[in-house]
Amino acid sequence: MAWYYISREESFSFPVQDVRMACPQGEMEKKVTLLIGNYTRDHPMFLHLNDYFWVKNRSPYELPYGTKGSEDILLRVLAITSYSVPESIQRVSAGDGKRDANGTGHGEIGTRMQYPLPHLVLPPLRLNNAPVHGYEADVGSKTTMRLFYPESAHFDPRRENNPDTLLVLVPFKPMDFQWLEMILNDKKRIRKGFWKQPPLIWDANPEQVRILNPYFMEITAAKLLNLSMKQPRKIKQKPTTGLLAITLALHFCDLVHIAGFGYPNSANKKQSIHYYEQITLKSMAASEHNVSHEALAIKRMLELGVVKNLTHF
Ligand SMILES: CC(=O)N[C@H]1[C@H]([C@H](O)[C@H](O)CO)O[C@](OP(=O)(O)OC[C@H]2O[C@@H](n3ccc(N)nc3=O)[C@H](O)[C@@H]2O)(C(=O)O)C[C@@H]1O
Ligand SMILES: CO[C@@H]1[C@H](O)[C@@H](O)[C@H](O[C@H]2[C@H](O)[C@@H](NC(C)=O)[C@H](OCc3ccccc3)O[C@@H]2CO)O[C@@H]1CO
């Protein structure tokens, strides 16, 4: 049975199953436990200032899997970004009622679906610098949260987001916190330490900015990709932001739709991997990701039914 509503403004036709049938209470948690050992929904989505005044439980890992060694800079950046979480997201992260998210890949489709109450809909979560402006007909215009790191921050955040979009920094290295501090406190810019030049002027409201809890990166790496947290320098590998976003959504939502995920075959040297620019898989050569390994993880999620795909995979 299809149960969906899509507004004219955000038209994109795909069938969405009746979530009441697809997702009885607690069912999602049982399924996700098969995927993620010790699965718990107890971890906060964002880092909080209070936890850094006096660090009681020191993280065992450094970035990107923990905050070990970054406590001082975190205290400073959290002091400038400590605003309350919007009501809609607060209810999702507090576990109130059934939750549905369009946790989506680079080609995220923005949809506004309506379900019978009580449903909290959190659509959609976008990644990196994926644009909206000029692509609204295909990807929609609403962005609830955007995950990014300095090198993937959009140079014009106001154009590509809504005034209330939460801009969620995914920290990979201590310089990522330094960038945020420089930008938001208008301190002297440092250009070194980034693998690509991030914005030096970034017109975003600090009230919109949050820092993602690295716990979700740890779980993505350790549980979904079986990566060691202590990798020898030579075999560096890390999850993509997309897989991280799916993991995050699985911790806060009872139904997760993904769109735009899936890379072309490695022999396919011509197919573009983004809807907004002509770049191929080759661009990812130095990216430290294992996309075929990730594809297996996503296939397993689709098989288990914890994630629904809105596009071709
Ligand atoms: C050159 C390079 O480093 N490219 C990386 C880019 C780049 O840094 C940003 O776009 C900013 O320019 O970022 C990445 O990812 P990227 O920004 O390309 O895409 C976001 C996420 O969508 C999923 N994806 C994307 C394209 C595609 N054809 N299939 C997919 O499944 C992936 O899960 C991906 O994570 C990243 O952050 O993970 C991973 C990419 O490797
Ligand atoms: C989710 O990862 C993001 C992106 O998908 C990756 O491609 C990117 O990988 C970069 C990696 O993080 C860089 N490592 C460090 C420690 O900064 C690596 O650095 C090598 C380098 C240095 C200077 C100039 C060019 C390259 O470069 C990788 C990209 O080629 O990481 C993203 C998260 O930051």
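How many nonpolar, polar and charged residues does the lining of the second largest pocket have? This is a predicted model, and its second largest pocket has a lining of 10 nonpolar, seven polar and five charged residues. The space in that pocket comes to about 490 Å³. In total, 22 residues line the pocket. Those closest to its centre are L47, Y52, N57, S59 and N213. Two elements each give two or more residues to this lining: helix 3, residues 50–53, and helix 9, residues 215–224.

Now turn to ligand 1. It is surrounded by 22 residues. The closest are N128, Y149, T241, H274 and S287. By class, this shell divides into eight nonpolar residues, 13 polar ones and one charged one. Which helix gives the largest share of the shell around ligand 1? That is helix 10, which spans residues 241–252 and supplies three residues.

Some contacts with ligand 1 can be followed atom by atom. T241 places a polar side-chain atom 2.5 Å from an oxygen atom of the ligand. H274 also uses its side chain: an N or O atom there is 2.6 Å from an oxygen atom of ligand 1. G242 makes its approach through the backbone, where an N or O atom lies 2.8 Å from a ligand oxygen. How much of ligand 1 does the protein bury? Taken alone, the ligand exposes 730 Å², and the protein buries 90% of that.

Ligand 2 comes next. The residues around it are Y149, F172, K173, W195, K238, P239, T241, A286, S287, E288 and H289. The shell around ligand 2 has five nonpolar, three polar and three charged residues.

Here too, single contacts stand out in the model. H289 has a polar side-chain atom 2.6 Å from an oxygen atom of ligand 2. For K238, a polar side-chain atom lies 3.1 Å from an oxygen of this ligand. A286 takes part through its backbone, with a polar atom 3.4 Å from a ligand oxygen. On its own, ligand 2 has 680 Å² of accessible area, and the protein covers 63% of it.

Look next at the aromatic rings. The whole structure holds nine aromatic pairs. One of them joins Y149 and F172. Are their rings stacked or edge-to-face? They are edge-to-face, with 5.3 Å from centre to centre and 85° between the planes. The pair links distant parts of the chain, 23 residues apart. Y149 sits in the loop between strand 3 (145–148) and helix 7 (157–160). F172 sits in the loop between strand 4 (166–169) and helix 8 (174–184).

Finally, consider the backbone. Most residues other than glycine have a negative phi, and most peptide bonds are trans. Where does the chain depart from this pattern? N38 is not a glycine, yet its phi is positive, about 55°. N38 lies in the loop between helix 2 (27–35) and helix 3. The peptide bond from L63 to P64 is cis, with omega near 10°. P64 belongs to the loop between helix 3 and helix 4 (71–81).

Note on methods:
Residues are numbered from 1 along each chain as its sequence is written. Chains are lettered from A and ligands numbered from 1 in the order in which they are written. This is a predicted model: local features need pLDDT of at least 70, side-chain atom pairs count only at pLDDT 80 or more; totals for chains, interfaces and linings use all residues. Side-chain values use heavy atoms; hydrogens and water are left out. A residue is near a molecule or strand if one of its heavy atoms lies within 4 Å of it. A polar contact is a pair of N or O atoms within 3.5 Å; within protein, one must be able to donate a hydrogen and the other to accept it, and residues adjacent in sequence count only if both atoms are side-chain atoms. Accessible areas come from the Shrake-Rupley method with a 1.4 Å probe; for residues, only the protein chains shown count as cover. Helices (H or I, at least four residues) and strands (E, at least two) are DSSP runs, numbered from the N terminus. Ala, Val, Leu, Ile, Met, Phe, Trp, Tyr, Cys and Pro count as nonpolar, Asp, Glu, Lys and Arg as charged, and the others, Gly among them, as polar. On a 1 Å grid over the protein atoms alone, a cavity is a set of points where a 1.4 Å probe fits but cannot get out, and a pocket is an open set with protein on both sides within 12 Å along at least five of seven lines; lining residues have an atom within 4 Å of a point. Grid points are joined across faces, edges and corners, and a volume is the space filled by probe spheres set on the points. Rings of Phe, Tyr and Trp (its six-membered ring) pair if their centres lie within 6.5 Å; planes under 30 degrees apart count as stacked, over 60 as edge-to-face and the rest as tilted.
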